[in-house]
Amino acid sequence: MGTSKAKTPQTMKSATAAKKLGILLSAAPAEFQEGPVSRDELNALQADPPSWLTNLRREGPHPRQVVAAKLRVSISGLARAGITGPLTTAEIENLKAERPDWLEREQAVQADVRREELRLKQQRAKA
């Protein structure tokens, strides 16, 4: 007979949890930044987000992957445009309203990439 161990909760670094939540770690409260986050805590944050999380998701600052998604460009496209840091929702909305050349160009590139990925996916489905 084997001895059974008490199951320890699965934890992750706060940076990993922030990425899963789509927020910028440095903008999160200190208690979130400082310690590991259990899977149960992460699930609770996703199911019933506290006001700080709701505000961060709504107003930012947002991490690059969220900025890229909101602008419909790639992270590489942001880098090519010289945007290497987080942006707030207001800054993202200003970029959308201004429609700089780089944004239109990168959105077109990203749209081409998505079309090609869809074409390849459909091709594989037929094979």
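This is a predicted model: local features need pLDDT of at least 70, side-chain atom pairs count only at pLDDT 80 or more; totals for chains, interfaces and linings use all residues.
1. A word to start with: contact means heavy atoms within 4.5 Å. With that in hand, lysine 20 touches Met12, Arg39, Leu42 and Gln46, leaving out residues up to four places away in sequence.

2. Residues are numbered from 1 along each chain as its sequence is written, and side-chain values use heavy atoms, with hydrogens and water left out.

3. Now the overall layout. The chain has 8 helices and 2 strands; helices (H or I, at least four residues) and strands (E, at least two) are DSSP runs, numbered from the N terminus. Read from that end, the order is β-α-α-β-α-α-α-α-α-α.

4. On dimensions, the C-alpha trace spans about 65 × 45 × 25 Å along its principal axes. The radius of gyration of the chain is 19 Å, whereas a compact globule of 127 residues would have one near 14 Å. That radius is taken over C-alpha atoms, and the globule rule is 2.2 Å times the number of residues to the power 0.38. Among contacts between residues at least 6 apart in sequence, 57% join residues at least 24 apart.

5. How much of the chain is buried? Of the 127 residues, 30% count as buried, where buried means under 20% relative accessible area, exposed over 50%, and partly exposed in between (1.4 Å probe, protein chains only). Lysine 20 counts as partly exposed because its relative accessibility is 45%. Lysine 121, in helix α8, counts as exposed because its value is 56%.

6. Not counting residues up to four places away in sequence, glutamine 107 touches Leu71, Arg72, Val73 and Arg99.

7. Two of those partners deserve a look at their backbone. Most residues other than glycine have a negative phi, and most peptide bonds are trans. Arginine 72, in the loop between α5 and α6 (75-80), has a positive phi of about 60°. Arginine 99, in the loop between α7 and α8, has a positive phi of about 45°. Arginine 72 is partly exposed at 46% relative accessibility, and arginine 99 is partly exposed at 34%.

8. Where is the cis peptide bond that joins glycine 60 and proline 61? Proline 61 lies in the loop between α4 (51-59) and α5 (64-71), and the omega of this bond is about 5°. Glycine 60 is also one of the residues in contact with threonine 89, alongside Arg58, Glu59 and His62, when neighbours within four places in sequence are set aside.

9. Threonine 89 itself is found in helix α7 (residues 89-98). A polar contact of 2.6 Å joins the side chains of threonine 89 and histidine 62. Such a contact is a pair of N or O atoms within 3.5 Å; within protein, one must be able to donate a hydrogen and the other to accept it, and residues adjacent in sequence count only if both atoms are side-chain atoms.
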